[in-house]
Structure formats: C-alpha cells, structure tokens
Amino acid sequence: MVDRSRSAERIERDIETLAGPHFTRSSDAIQRYAYTPEYRRTLDHFAGELRSLGFEVSEDPVGTFVARNRPPGESVFGIGSHCDSNRNGGKYDGTMGVATAVEVCRLNVEGGLDLPLQLISFLEEEGSGFGQMLLGSRIMLQRVTEEELRESFRALDDGRSFWEHAEEAGYEPARWRESIHVLDDLTGWIEMHIEQARVLQDTGNRIGLVHAIAGYVHADVIVHGRGDHAGATPMDLRLDPTTVLAETVLELERVARETGQGTVGTVGEIEVDPGLINAIASRVRFSLDIRGPVEEAYRGVAREVAAFAERAAEARGMRAEVRQRQALPATPLDERIVDALETAAKSTGEPYLRMHSGAAHDTMCVADRIPSAMVFVPCRDGISHHPAEDADPADAALAAGIILDAIAALR
Ligand code: HGY
Ligand code: MN
Ligand code: MN
C-alpha cells in the first residue's frame, strides 16, 4: 500500500522548490521557458531527483528532457508532462505532472516493482519562448518544418530565431528530426496534469480519466489601417483598424456560442501600433485561439471568423490578413490505457470521472504514435494560466498510485 501522505509531501516539496526565485523570471507569476537559466535549473532539479533513483538522464537535440531506468532498446512505459510555464503561470500547470511522474519513479523503486519507465518533460509546451505551443512535442512528431525552426519561429524576447537560440544554448537543432527516437521504446504513455477547468471540483471528483483532447487552431489577424491624429481627424475620414478588432472579437463570441459542441474561442493577444492615446492606430494584430472536441465545429468557426475579419476590414476600406500559426487535430486517447487507469482508480474507492480535456497537452502529439492517456486532478475553481492557480498534492499522490498500478497491469 502506497503511503500517500509521504508521496504528497514529496510532490509538494518539488512544487514549492520550483516556485522559488531561482526557477522563475518573474516575482509575480511562475515564468520559465526554453533556454533560460530558470528553465535550466528546473531541468537540473528533476535530473538530480531521477539520477538518485538510478535513471539515465539525457536531452533530445533541442532540449526535451528524457530519463529512463532501462538501456536504450529495451521497452519502457512513458510518463511525464512539461515544466516550462505560461508567461503568467501558476505553480502546478505542467510542473505538478512532472513532479508526480518523478513520484511514480520513486514508488516504483520503493515498492520493489522495478517497472521499466521513461520520464519525458517536453520543451516549450506553453510556447512562452517562441509563441509556439507544444513546440517540443511537435518537433518530436515532425509536425513542424525546418524552415519554421530556422526562420519563422522567433523569440518573443528578442526576435531571434528558434534555431539561433537552440544553438546558443548548446543544442543541435540540425538534428531535430532525430527527436522522434525518444519514442522508439515506448509501449505506452500517461501524462498527469491539473484539469485547468472546474468540472472535477464542481462534481466532487478527485481524479479525471481523460479519453480525448480538444483540437485547436491558432492564428493571427493583422489589420492595416491608417495612423492619423486622434483629435484632428474627422470620424468619416478615418481608417481605424481597432474597429475591425472590436467587431471580430464579438463575432468570434457569437459564432462560438452558436456553434456549441464544446467549441470555444479566445482573443488573448492584442497589439496596437503605435498604441498611443492621441494616435489612431495604423495597424493592429490580434490572436485567435479556437478549440473544441468536434473537429468540423471548431474548424468551421475558425474559417467563419477569418472570413468575417477580412470582410469587415474591406467594408471599412482597410485590409485584414489572417495567418494560421498552427493547428492540431482533436485527439482520441487509448481506451485500453484509460480502462487500466479506471480499474486502478476504482480500487482506491476515491471518486473519479471519465472526461475530455479542453486544454491542449503534449499527449496530443505522443498519441499520434504511442497508445496514450491522461490523468487529471482538480485545480481550485479551474483557475490556471494565472499565479492564483492552486491544486492539492494529496490528489497528485492519489494519481501517482493509480498511474503506477495501471502501468503494472498493462505489462
Ligand atoms: O493552452 C493550453 O492548452 C496549454 O495549457 N498550453
Ligand atoms: Mn500544461
Ligand atoms: Mn498551460
């Protein structure tokens, strides 16, 4: 029988350590991302924990973290998540999943099970470094192009390319295609993560067994207007691109609601040039994040809203460009692994729920090649991508025991 209170203490210790000043670039939120000292220290923290358990630690050609307790070529079961953060992140998104995977590795040793395991912590799941969500797992699954890595993907901090930053950090981006070999020996994959919504909390469940993950479209809309004086320019002589932004935000809300089927739409990034109180904008750029569990539903909303923005700009004598940043399909997960997790959850007597994930996860990429599933734990009031994010290490300890039992049963 797993001593869950000891597991909860160890998971909490890792989370609280990694919430310290050496592991975040901001004192107001958790902020760490690829090729920064804070992220390097986070990986080094997990490397130390895993080496003490006899794991061999390495990184793929661009920096995805890998640790395994078997030599290459031997089958292993994959566990992990990501430990980079949203730029306005909380302590638990991603990091609790990696800390729980490390706890699974500890229990595997202490319980004398010695199950073959490989822990992975994916680079840039949040996209906080280069604006490209799930970048490490998309690279691994060859869902990017070399041109994007060399040219288009640019650092939010200094505009330099991903390639340049990866080389400067000592990695070999030219070998990015070899990243796929991290998956070579995997017989399955389970990622543990906080739910990032409030379904588990509001239904009184401690564990979510995730059988599908919503797909998404990420795009940018750039509207070109004419920068004029805010005071001297009469209303009927203006080409003000912020009017198209305003109309499109409301149209996105209307179409997403009307479409339903779990479809959601968000405008999270807004840039106004020059962004001055007394100057009409010459250009605005805003992001579109459109997701849902039903592919044709959310992709339909993305098409409709893009066409709306172009028409709305033209009707006002301006031009709108819509550029897709990336898109990943809605992803069903592996029923056999979900069933094994359900059997393990049932044996604990604790309340659990089968559900889909509205948030994106690296598991969407891994599932393309490897039978995969996810385990959720509640986070308070569903708050996430915010420093007020809060979750209970006791739930993570429960998840660790369930994951270990499921892996043992799947052998
Ligand atoms: O935005 C997401 O779905 C993930 O948390 N990066
Ligand atoms: Mn996450
Ligand atoms: Mn996130």
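1. A residue counts as buried when its relative accessible area is under 20%. His82 has 0% relative accessibility, so His82 is buried. Asp93 is at 4%, so Asp93 is buried too. Keep in mind that this is a predicted model.

2. Both residues hold metal. The manganese ion (ligand 2) has three protein donors: His82 (NE2), Asp93 (OD) and His193 (NE2). They lie 2.1 to 2.2 Å from the ion. Along the sequence, the donor residues follow the spacing H-x10-D-x99-H.

3. His82 and Asp93 are 11 residues apart, in the loop between strand 3 (76-81) and helix 3 (95-110).

4. Now the largest pocket. Its volume is about 870 Å³. It has 34 lining residues; Met133, His218, Asp289, Arg291 and His385 lie nearest its centre. Strand 10 gives the most to this lining, five residues. By class, 12 lining residues are nonpolar, 15 polar and seven charged.

5. Where does the largest pocket lie? Domain 1 (4-213 + 330-410) and domain 2 (215-328) both contribute to its lining, so the pocket lies between them.

6. The second largest pocket holds about 460 Å³. Of its 17 lining residues, Gln132, Ser152, Asp220, Arg285 and Arg325 are closest to the centre. Here strand 11 gives the most, with three residues. The lining has nine charged, four polar and four nonpolar residues. Each of domain 1 and domain 2 supplies at least three residues.

7. Last, a hairpin. Strand 1 (residues 56-59) and strand 2 (residues 65-68) run antiparallel, joined by four bridges. Five residues separate them, and Gly63 in the turn has a positive phi of about 120 degrees.

Definitions and conventions. Residues are numbered from 1 along each chain as its sequence is written. Chains are lettered from A and ligands numbered from 1 in the order in which they are written. This is a predicted model: local features need pLDDT of at least 70, side-chain atom pairs count only at pLDDT 80 or more; totals for chains, interfaces and linings use all residues. Side-chain values use heavy atoms; hydrogens and water are left out. Donors are N, O and S atoms within 2.8 Å of the metal (3.2 Å for Na, K and Ca); water is not among the atoms, so sites may look incomplete. Helices (H or I, at least four residues) and strands (E, at least two) are DSSP runs, numbered from the N terminus. Buried means under 20% relative accessible area, exposed over 50%, partly exposed in between (1.4 Å probe, protein chains only). Two strands pair if DSSP finds at least two bridges between them. On a 1 Å grid over the protein atoms alone, a cavity is a set of points where a 1.4 Å probe fits but cannot get out, and a pocket is an open set with protein on both sides within 12 Å along at least five of seven lines; lining residues have an atom within 4 Å of a point. Grid points are joined across faces, edges and corners, and a volume is the space filled by probe spheres set on the points. Ala, Val, Leu, Ile, Met, Phe, Trp, Tyr, Cys and Pro count as nonpolar, Asp, Glu, Lys and Arg as charged, and the others, Gly among them, as polar. Domain bounds come from an automatic or database domain assignment.
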